[in-house]
Amino acid sequence: MTFNEIAKQYLEAFDKGEAPPNGMAKFDELQKLSLDGSMESLPRLDAFLLELHVAGYADEIDLDDEEAQNFLYFAAFYLGKVAGVQTALVPNWVTWEVVMEANPALKDNIPEVFGTSVLCVLGQSLYIPLSAVMGRIYEGNFSEESMTQSVTGIVAAVKG
């Protein structure tokens, strides 16, 4: 299954109130955020990620745990979905390896870590929403950007 298929499956299941196969950490909490695909929903997601940071979730998360991965991937797919709506483009989800094969010079700028394990291509622009999500969980307010800033940044890059 490709990441495009996985993203579609996760987002559609979530909209129906269902977790993806093998579960999703923080699913019930995410359901309460009214994630409707709008820019207005991003501050709610951001506040939730900041709450997780304050609660020490970064210290307990196991990146090898499928439920934790599903949560992080879902949040990234959600950011891509919102960015796609704002740009009128369909997000194309690809692996780090695929991007590096097409653009070897990027290896110096984009490390191969969990936060870059899935990347989003919107038009001609590369978006790394998983890194933004993980930044909020691990660094809190010290991360580079909020979820709104993350999406606004890629939208500006695509439209620029």
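This is a predicted model: local features need pLDDT of at least 70, side-chain atom pairs count only at pLDDT 80 or more; totals for chains, interfaces and linings use all residues.

1. Contact here means that heavy atoms lie within 4.5 Å of each other. On that basis, the buried residues of α1 pack against α2 (27–31), α5 (66–87), β1 (92–95) and β2 (118–122).

2. The residues of α1 that are buried are Phe3, Ile6, Ala7, Tyr10, Leu11, Ala13 and Phe14. They lie on the same side of α1, because the arc they cover around the axis is only 165°. An α-helix has 3.6 residues a turn, so residues three or four places apart point the same way. The face turned away from the buried side of α1 carries the exposed residues Lys8 and Asp15.

3. As to its dimensions, α1 has 13 residues. From its first C-alpha to its last, α1 reaches 18 Å, which is close to the 18 Å expected at 1.5 Å a residue. Just after α1, Gly17 takes a positive phi of about 80°.

4. Leaving aside neighbours within four places in sequence, Met1 is in contact with Ile6 and Gln9. Between Met1 and Leu33 the separation is 32 residues in sequence and 28 Å in space, C-alpha to C-alpha.

5. Helix α1 (residues 3–15) also gives the largest share of the lining of the second largest pocket, namely five residues. The volume of this second largest pocket is about 160 Å³. It is lined by Asn4, Ala7, Lys8, Leu11, Glu12, Lys81, Val90, Pro91 and Trp93. By class, five residues of this lining are nonpolar, one is polar and three are charged.

6. The largest pocket holds about 390 Å³ of space. Its lining comprises 19 residues, and those closest to its centre are Ile128, Ser131, Ala132, Glu144 and Glu145. Two or more lining residues come from each of β3 (125–127), α7 (129–139) and α8 (147–159). Which element gives the largest share of this lining? That element is α7, with five residues. By class, the lining of the largest pocket has nine nonpolar, seven polar and three charged residues.

Technical notes: Residues are numbered from 1 along each chain as its sequence is written. Side-chain values use heavy atoms; hydrogens and water are left out. On a 1 Å grid over the protein atoms alone, a cavity is a set of points where a 1.4 Å probe fits but cannot get out, and a pocket is an open set with protein on both sides within 12 Å along at least five of seven lines; lining residues have an atom within 4 Å of a point. Grid points are joined across faces, edges and corners, and a volume is the space filled by probe spheres set on the points. Helices (H or I, at least four residues) and strands (E, at least two) are DSSP runs, numbered from the N terminus. Ala, Val, Leu, Ile, Met, Phe, Trp, Tyr, Cys and Pro count as nonpolar, Asp, Glu, Lys and Arg as charged, and the others, Gly among them, as polar. The expected span of a helix is 1.5 Å times one less than its number of residues. Buried means under 20% relative accessible area, exposed over 50%, partly exposed in between (1.4 Å probe, protein chains only). The arc is that of the directions from the helix axis to the C-beta atoms.
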